[in-house]
Amino acid sequence: MTARILDGKATAAEIRADLAKRVEALRERGVRVGLGTVLVGDDPGSSAYVNMKHRDCAEVGIESIRRDLPADASQEDVERAVAELNADPACTGYIVQLPLPKGLDEHRVLELIDPAKDADGLHPVNLGRLVLMQPGPLPCTPKGIVELLRRYDVPLRGAEVVVVGRGITVGRSLGLLLTRRTENATVTSCHTATRDLAAHTRRADIVVAAAGVPGLITADMVKPGAAVLDVGVSRVDGKLTGDVAPEVREVAGWLAPNPGGVGPMTRAMLLANVVEAAEAAAGA
Ligand SMILES: Nc1nc2c(c(=O)[nH]1)N[C@@H](CN(C=O)c1ccc(C(=O)N[C@@H](CCC(=O)O)C(=O)O)cc1)CN2
């Protein structure tokens, strides 16, 4: 068996085309849509992601607002940038690119974001809404994963999903999303203290690998026909490397590769969150 590719790049392009029409409809009603980003430091990965987010904005017709701060920016500098974006009427929603350089208090910064402008869904109020299964902006990577699975008709209801990694941007939030009544999956959260990872993944209908350990998921750890989504990001010899070994393609039923799978969906969902916020504010 060779896995069907869950093509996040193509799917994200379709989503952007749809969002461009919605942005145009808002513009015709006099509503401006703007995405802000706060980038601290010069980490090449983070800079590349932020550049891609602004390139996507240009394609869709969303205005870009950038706050790029140097690597030695203080906590006060970052908090000032957040306060400016909270107050800026041109900014519909914004994100603080993570991770922040060491020494900065990430939680404190996320707490200062106006929850109504939280395009990442990572403010404690919005994460609380997710826990309570109330409407609100959803974290972009988990939202992108669910959208990708839906568009490729990967069955979710009652599916056994193993999520490897418990970070807030992916693993932890994804578990909350997939156990909502609209998704109805059964989720097992695996992490560094999981005793027998392979025993869990072999039982799974869907494996989401977000550990950041290159090649962690090997073919013998995957049930034939399962869906495998590679969300891990590591740089090996300067090359982006995922958590899923290449041979998994011969066993899995579906595969979201890395690059080209979940990453572009993360960016598309960020734009979707901004457009949804603008539409809600405009009563559209
Ligand atoms: N504030 C946030 N910070 C981070 C998030 C997040 O959701 N919000 N997630 C990750 C990184 N991330 C978003 O910023 C992200 C990851 C991957 C991609 C992407 O398009 N990847 C491409 C390939 C890129 C490359 O070649 O390097 C792909 O997978 O095809 C975009 C955004 C951590 N930080």
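Let's start at Gly-225. Leaving aside residues up to four places away in sequence, Gly-225 touches Met-1 and Gly-253. Keep in mind that this is a predicted model.

Where does Gly-225 sit? Gly-225 is in the loop between β7 (206-209) and β8 (227-230). Is Gly-225 buried or exposed? Gly-225 counts as exposed, because it has 12 C-beta neighbours inside 10 Å, and the cut-off for exposed is 12 or fewer.

Now look at Thr-2. In sequence, Gly-225 and Thr-2 are 223 residues apart. In space, their C-alpha atoms are 9.1 Å apart.

Next, the sheet. Six strands make an open sheet, and the pairing is parallel. Read the order as β1-β11-β8-β7-β5-β6. At the edges are β1 (4-5) and β6 (186-190), each pairing on one side only. Take the β1 edge. There, β1 pairs with β11 (residues 254-256) in the parallel sense, over two bridges. Ile-5 has Leu-255 in β11 as its bridge partner.

On to the core. The largest nonpolar core has 81 residues. Val-207, Val-208, Ala-209, Val-228 and Leu-229 have the most contacts inside this core. Which helix gives the most to it? That is α9 (residues 262-282), with 10 residues. As background, nonpolar side chains in soluble globular proteins tend to be buried together.

Last, zoom in on Leu-229. Again, residues up to four places away in sequence are not counted.

How values were computed
Residues numbered from 1 in each chain as written. Predicted model: local features only at pLDDT ≥ 70, side-chain atom pairs only at ≥ 80, totals over all residues. Core = buried A, V, L, I, M, F, W, Y, C linked by C-beta atoms within 7 Å. Buried ≥ 20, exposed ≤ 12 C-beta atoms within 10 Å, placed from the backbone. Helix = DSSP H or I, 4+ residues; strand = E, 2+ residues; numbered from the N terminus. Contact = placed C-beta atoms within 7 Å. Pairing = 2+ DSSP bridges.
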